[in-house]
Amino acid sequence: MEVTHAELDELKQNLDQFFLIVNGMLVFLMQCGFAFLEAGSVRSKNSTNILIKNLLDSFVAGVAYWVFGFAFAFGPGNKFIGYEYFASAHMPDVQFATFFFQYVFAATAATIVSGALAERCEFVAYFVYSFLITSFIYPVVTHWVWSGEGWLSGGMEYDVGKVAYKDFAGSGVVHVVGGTAAFMGALIIGPRIGRFHSESNTTLDIRGHSVPFAAMGGFILLFGFLAFNGGSELSISNPGNGANVALSVVNTIISGSVSAFFTMLLQKTGLFGNQRWSLLTTLNGALTGMVAACAGCNVYYPWGAAILGFVAAICYKITSWLMVKMKVDDPLDAVAVHFGGGTWGVIAVAFLNKDNGILLKWDQESGLQLAWQLAGFVAIVLWTGFLSLLMFGILRLAGILRVSEDMERKGLDIPKHGEPAYPLESYGHGHIEKVLR
Amino acid sequence: MEVTHAELDELKQNLDQFFLIVNGMLVFLMQCGFAFLEAGSVRSKNSTNILIKNLLDSFVAGVAYWVFGFAFAFGPGNKFIGYEYFASAHMPDVQFATFFFQYVFAATAATIVSGALAERCEFVAYFVYSFLITSFIYPVVTHWVWSGEGWLSGGMEYDVGKVAYKDFAGSGVVHVVGGTAAFMGALIIGPRIGRFHSESNTTLDIRGHSVPFAAMGGFILLFGFLAFNGGSELSISNPGNGANVALSVVNTIISGSVSAFFTMLLQKTGLFGNQRWSLLTTLNGALTGMVAACAGCNVYYPWGAAILGFVAAICYKITSWLMVKMKVDDPLDAVAVHFGGGTWGVIAVAFLNKDNGILLKWDQESGLQLAWQLAGFVAIVLWTGFLSLLMFGILRLAGILRVSEDMERKGLDIPKHGEPAYPLESYGHGHIEKVLR
Amino acid sequence: MEVTHAELDELKQNLDQFFLIVNGMLVFLMQCGFAFLEAGSVRSKNSTNILIKNLLDSFVAGVAYWVFGFAFAFGPGNKFIGYEYFASAHMPDVQFATFFFQYVFAATAATIVSGALAERCEFVAYFVYSFLITSFIYPVVTHWVWSGEGWLSGGMEYDVGKVAYKDFAGSGVVHVVGGTAAFMGALIIGPRIGRFHSESNTTLDIRGHSVPFAAMGGFILLFGFLAFNGGSELSISNPGNGANVALSVVNTIISGSVSAFFTMLLQKTGLFGNQRWSLLTTLNGALTGMVAACAGCNVYYPWGAAILGFVAAICYKITSWLMVKMKVDDPLDAVAVHFGGGTWGVIAVAFLNKDNGILLKWDQESGLQLAWQLAGFVAIVLWTGFLSLLMFGILRLAGILRVSEDMERKGLDIPKHGEPAYPLESYGHGHIEKVLR
């Protein structure tokens with residue numbers, strides 16, 4: 001007896017779940033990446049604080065996204081929001097792979113914020129915002145775009161056919177959401193003590209305590225981004241899936257590479273301060289290039305990805321420069337990377353995509369595509385910005401957004417966590433080394 | 001010509017091997033996780049020592065499990081032990097994927113012990129115990145449960161049908177084995193100098209030298225656990241495999257998340273010392289929740305996993321507290337995490353599993369299931385405990401279990417390894433920095 | 001209607017691409033491994049410098065391999081070189097997975113060199129050599145061996161049938177290329193200041209600043225090697241693929257494990273300096289064993305892999321010793337690991353392979369195989385050595401190979417990058433800790 005299509009489809013379904021699970025696992029490791037990028041970028045006195053926040057991101061999301069988030073995002077509902085599958089009740093078993101993959105994305109969106117608020121945010125405030133982002137703010141946006149019934153992916157019918165907002169791996173859905181919330185948070189919480197000096201009108205570069213840790217986090221993020229963007233194909237068993245995944249991964253690398261170079265060179269020109277070969281700037285440039293690649297890495301030619309990365313570098317440096325001008329203190333440059341890169345990523349789809357990108361074919365369809373990309377961007381920014389304003393504003397008014405000035409000066413690790421990152425008494429040897437060779 | 005079932009089965013077999021290999025690779029990285037969790041948790045003077053032990057775990061197991069372990073575990077044999085495939089002789093090629101996956105598990109079981117003996121164990125003793133655990137003690141237990149012909153997985157026939165010990169990913173097989181050996185080792189080697197003060201009846205919290213390293217190890221372990229538990233499905237090509245793997249992964253995350261929270265809150269109550277938001281405690285709580293999830297993450301509803309994690313948190317804190325009361329010094333809290341979490345994990349299967357868990361359906365079958373879980377637990381503890389007693393007892397009597405008091409005080413890195421973790425002469429710059437911006 | 005072979009083949013193709021992509025991702029993480037192995041092995045004053053070089057390796061290759069490298073390597077061409085697919089133009093979409101997998105290999109080859117030139121190489125010189133290696137030197141060698149139309153894989157017809165150079169995962173293609181370039185670079189750039197004292201005829205062991213970082217890098221490399229060697233099967237959907245991949249992974253582990261042990265014991269004998277249980281030496285031994293396994297891990301019995309690892313340990317220690325004798329300064333022992341291990345790996349195929357290895361069957365075929373392995377080795381060394389000589393020679397003559405003596409003494413991080421790895425001002429707490437328990 002020969003193999004039936006039902007049997008083959010069964011196998012395909014399993015294979016697709018395998019694909020989602022493996023990629024989800026690799027994306028899960030990005031929490032470690034964010035944790036060390038941030039830990040290396042803060043002073044040693046706040047290292048334990050930022051690490052536990054990043055650690056908890058996975059756990060907060062593990063509860064919040066399970067109980068509420070997934071239901072709002074992917075539960076059956078209306079064009080705006082889903083309302084089934086709370087606590088995965090009545091969710092078909094076959095959805096668990098999707099749940100897992102989407103959960104790791106949700107955790108990522110929340111993590112972006114912790115960097116921008118680093119070194120001064122209260123622990124309780126952290127819980128509130130990370131819970132709200134992973135349970136509601138982010139899931140609703142994913143419903144609009146990725147659930148299959150949202151208004152942004154539904155688009156509209158025109159003479160030239162349906163046109164809708166496109167955002168493959170979430171330049172807008174993940175990074176503009178995270179970047180917008182990070183900006184509102186950083187704005188409302190205010191700069192770290194000593195960052196901006198109004199009298200002398202100077203800005204102090206408060207350096208992190210460990211370039212190696214920041215670099216380690218960066219390496220892990222670059223690695224995770226491949227699964228983030230590649231995995232967003234969501235299936236591997238259908239004709240063309242493999243090639244699309246590979247193209248997405250390759251474009252992510254090309255965009256990240258080109259952006260890294262140009263960011264490094266822009267820094268080296270001296271237009272943006274320190275005229276050196278800066279590792280941290282180069283790394284942020286690479287990340288911005290990959291963030292920008294999310295929205296359309298599956299629909300660009302590799303040369304398109306190169307252009308994408310080139311512009312991403314400029315977006316990163318300008319956003320970063322603007323943040324300083326606006327005196328908004330973002331210790332990780334998270335807004336520049338995620339909002340800057342994400343914004344450009346959303347828009348770029350309309351310019352660079354193979355089928356109807358404006359650079360390839362300027363017609364009504366490509367114009368409408370640009371309009372939809374802008375509409376999606378504005379909707380995401382307004383939604384996230386308004387709710388973040390509310391959330392951080394209330395936390396501030398309640399006096400629980402920021403630690404006391406005394407604690408900020410002395411560092412959060414000892415009073416909050418009782419765990420200095422490097423306890424002095426645990427260092428040193430009792431031996432005098434005799435190096436004889 | 002149409003596709004035959006033979007062809008499809010060939011493909012499925014390859015796919016299943018792929019699944020085992022990828023998951024095995026991710027579990028392999030857990031060695032790095034354990035290494036840094038432990039390195040961060042010891043003082044700087046013993047960092048190289050604990051790192052080389054963790055590094056060697058993979059290599060000791062690479063030889064011991066290949067030559068002996070796999071044969072005892074998965075070689076054809078009787079109900080108690082296998083006795084073919086030594087050095088993979090006559091092993092069918094198709095078994096290599098299984099071999100690899102089981103090898104990385106064996107290395108994990110041995111690694112658990114090194115944490116409990118940290119900062120005072122002789123290097124030669126380390127070799128002896130890690131060799132014996134990976135070549136014999138652990139493999140025999142896996143034969144009982146996972147080989148398909150063991151007495152524990154064989155179970156017995158009752159009126160209600162066959163009932164047997166269930167342990168999907170090894171709460172008992174891996175973690176109770178590792179935890180029991182770790183307890184016996186820590187008991188027999190005795191506490192570190194300065195840990196317990198009998199005169200004042202106080203306990204000194206000997207802190208590790210790097211919270212970031214411990215956190216990094218923790219992140220990698222959380223990541224690896226997803227593959228550890230998900231991969232234990234062992235195949236992906238059969239109907240339902242994908243959904244089972246995803247459910248296992250999701251339950252692992254939910255259990256870990258809930259356990260992390262409750263552990264953190266329990267610590268914050270002040271019932272267990274330091275009344276702070278402790279990163280290291282939270283991390284251990286998460287790990288305990290994942291350890292507990294091993295045995296039945298494939299057969300719980302997500303809400304069951306939440307209950308599992310809640311109780312795991314309590315098991316962790318109580319075991320940890322008991323260890324201090326018993327004056328057994330476990331620098332990593334490995335016993336609390338692995339024995340505490342593993343024990344609860346083994347028992348929980350009888351209470352929480354979808355089909356006949358006591359909380360869902362109290363009848364003869366569920367009672368027998370509980371009996372079998374307890375029987376398996378007792379058998380594993382007796383087997384491992386007795387052999388560990390013998391092993392560590394002989395090492396102690398031979399005077400090669402523990403380093404000298406002088407060396408312990410001064411640290412092991414320089415005299416044993418000639419490699420201080422942070423050689424002083426390699427630090428510092430010759431430049432005076434001019435920070436101009 | 002039944003499933004057709006066309007449909008099954010479509011699925012298989014997707015599965016194979018999935019296999020390549022996942023393994024490629026894991027190999028990509030090896031950049032992080034190299035980065036930290038190197039960062040831990042240099043002094044703190046040069047940490048940022050070596051980290052940014054490793055970071056840029058991925059980006060340089062991301063551009064160079066895309067624009068030129070892949071075309072020279074896998075573009076249709078002649079026996080010596082390919083000449084299509086520049087910037088992936090006209091490359092079939094189905095090739096992107098292959099492109100990605102080969103790209104991560106190319107980045108690896110370039111990375112090997114940075115270790116040997118650490119602590120003294122100019123930044124611009126770094127760009128030149130990494131660009132040339134990933135765009136031309138390495139790709140041409142891969143064309144010879146892995147493109148399907150190269151002269152080395154083409155071999156020749158003899159009475160006993162076709163015999164050709166065999167190099168499964170690149171002991172020669174990757175590691176001898178990288179090791180040869182590293183040797184030429186280290187030779188031409190000269191030793192670090194203070195390394196060799198001609199008057200007293202002594203050698204100073206310039207230690208790296210962090211054993212934990214080196215160990216972390218090592219762990220990640222061991223992990224990545226499994227995907228490096230396993231993934232080199234290149235497909236998973238054909239009969240036997242799964243077993244071959246698993247065998248390759250297992251042999252990689254066995255070879256690495258045995259080599260680690262013997263290297264450790266060789267060091268402990270005191271024949272090679274420091275008579276201690278050295279972590280760094282053991283780690284390099286393991287890596288050498290895995291490097292040696294590349295060429296034939298798919299065609300050895302596991303006992304063959306054990307022999308392989310045993311000899312690899314000796315090759316490593318002897319090469320390392322020779323380097324010191326020749327007064328060539330290689331801070332990472334990269335030449336000993338990659339050239340030493342790679343050379344033995346290439347040769348070992350002729351001795352140990354299941355089908356016609358000299359140790360198993362000494363006949364004309366096995367003799368010819370040895371001849372081809374040697375021919376391949378010599379060709380690779382001559383090609384890489386000559387071009388490296390030219391490249392590094394010109395850079396030296398141009399005076400842009402090495403930093404000034406003053407900068408070398410004081411460290412590269414501050415003047416070149418403006419980013420000391422551990423900025424002093426970012427350390428310390430304002431709290432006096434009260435440890436109350």
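These legends accompany close-up views of a predicted model.

**View 1. Chain A and chain B as superposed copies.** A 120 degree rotation brings chain A onto chain B, with 0.0 Å of shift along the axis. The RMSD of this superposition is 0.0 Å. The two copies are thus related as by a three-fold rotation axis.

**View 2. The interface of chain C and chain A.** Chain C contributes 66 residues in contact with 77 residues of chain A. About 6,200 Å² is buried between chain C and chain A. Carbon and sulfur atoms give 73% of that area.

**View 3. The salt bridge between chain C and chain A.** The count for this pair of chains is one. The partners are E425(C) and R207(A). Their closest N and O atoms lie 3.2 Å apart, and the cut-off for a salt bridge is 4 Å.

**View 4. Polar contacts across the interface of chain C and chain A.** The rule finds 19 residue pairs in polar contact, both residues being at pLDDT 80 or more.

**View 5. Helices on the side of chain C that touches chain A.** At least two residues each come from α1 (5–28), α2 (30–41), α3 (47–74), α4 (96–116), α5 (123–146), α8 (211–231) and α15 (413–417) of chain C. α1(C) supplies the largest share, 13 residues. By residue class, the side of chain C that touches chain A holds 40 nonpolar, 16 polar and ten charged residues.

Notes:
Residues numbered from 1 in each chain as written. Chains lettered and ligands numbered in written order. Predicted model: local features only at pLDDT ≥ 70, side-chain atom pairs only at ≥ 80, totals over all residues. Heavy atoms only, no water. Least-squares fit on C-alpha atoms with pLDDT ≥ 70 in both. Contact = heavy atoms within 4.5 Å. Buried area = accessible area lost by both parts, 1.4 Å probe. Salt bridge = Lys/Arg side-chain N within 4 Å of Asp/Glu carboxyl O. Polar contact = N/O pair within 3.5 Å; in protein donor to acceptor, adjacent residues only side chain to side chain. Helix = DSSP H or I, 4+ residues; strand = E, 2+ residues; numbered from the N terminus. Nonpolar A, V, L, I, M, F, W, Y, C, P; charged D, E, K, R; others polar.
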